[in-house]
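I opened this notebook to keep track of what I looked up in one protein chain. The entries follow the order in which I checked things.

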Amino acid sequence: MVIKKQNKPPQTAVLRQILRRCSGSGREKEEEEGLPVDVPKGHFVVYVGKNRSRFIVPISYLDHPEFQALLRQAEEEFGFEHHMGLTIPCDEVVFRSLTSALR
């Protein structure tokens, strides 16, 4: 029996990629590259809902299974290889409810 290895990177590698693109680390480079300077260290930006409302969320949310489920949905629907920012495919009210429960 041959087991096929998936070409997808492990979830931790994907999360690191997200954080590099969306986090508030590397302040000097952000100003040069036009990245947001309003994202505090230890946080990242996500866009939610039809209107793509912008939310700044703490990296600690990545530890929660509920938030990880949203990331899997985002990967399935949009993939992570786009430059429009990390978009979460759920209603803004649902996202606010989930994140308020994670605090």
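Entry 1, overall layout. Before reading the pattern I needed the terms: helices are DSSP runs of H or I with at least four residues, strands are DSSP runs of E with at least two, and both are numbered from the N terminus. I noted that this is a predicted model. I counted four helices and three strands in the protein chain. Reading along the sequence, I wrote the pattern down as α-α-β-β-α-β-α. I then looked up burial: of the 103 residues, 31% count as buried. For contacts with a separation of 6 or more, I found that 42% are between residues 24 or more positions apart.

I checked how strand 1 (residues 43-48) meets strand 3: they run parallel and are joined by two bridges. Opposite Val-48 I found Ile-88, which belongs to strand 3.

I looked at Arg-52, which sits in the loop between strand 1 and strand 2. Most residues other than glycine have a negative phi. Arg-52 is not a glycine, yet its phi is positive, about 50 degrees. Its relative accessible area is 28%, so I recorded Arg-52 as partly exposed.

The next residue I checked was Ser-53, in strand 2. Is Ser-53 buried or exposed? The cut-off for buried is under 20% relative accessible area. Ser-53 has a relative accessibility of 19%, so it counts as buried. I listed its contacts, leaving aside neighbours within four places in sequence: Val-46, Tyr-47, Val-48 and Glu-92. With Glu-92 there is a polar contact from side chain to side chain, at 2.6 Å.

I checked the length of helix 3 (residues 65-78) against expectation. At 1.5 Å a residue its 14 residues should span 20 Å, and the end C-alpha atoms are 20 Å apart, so the two agree. The buried residues here are Phe-67, Leu-70, Leu-71 and Ala-74. Why do they line one face of helix 3? Seen down the axis, they fall within an arc of 100 degrees, so they share that face. As background, an α-helix has 3.6 residues a turn, so residues three or four places apart point the same way. On the face turned away from the buried side of helix 3, I found the exposed residues Pro-65 and Glu-76. After helix 3 comes Gly-79, with a positive phi near 75 degrees.

Methods:
Residues are numbered from 1 along each chain as its sequence is written. This is a predicted model: local features need pLDDT of at least 70, side-chain atom pairs count only at pLDDT 80 or more; totals for chains, interfaces and linings use all residues. Side-chain values use heavy atoms; hydrogens and water are left out. Two strands pair if DSSP finds at least two bridges between them. Buried means under 20% relative accessible area, exposed over 50%, partly exposed in between (1.4 Å probe, protein chains only). The expected span of a helix is 1.5 Å times one less than its number of residues. The arc is that of the directions from the helix axis to the C-beta atoms. A polar contact is a pair of N or O atoms within 3.5 Å; within protein, one must be able to donate a hydrogen and the other to accept it, and residues adjacent in sequence count only if both atoms are side-chain atoms. Contact means heavy atoms within 4.5 Å.
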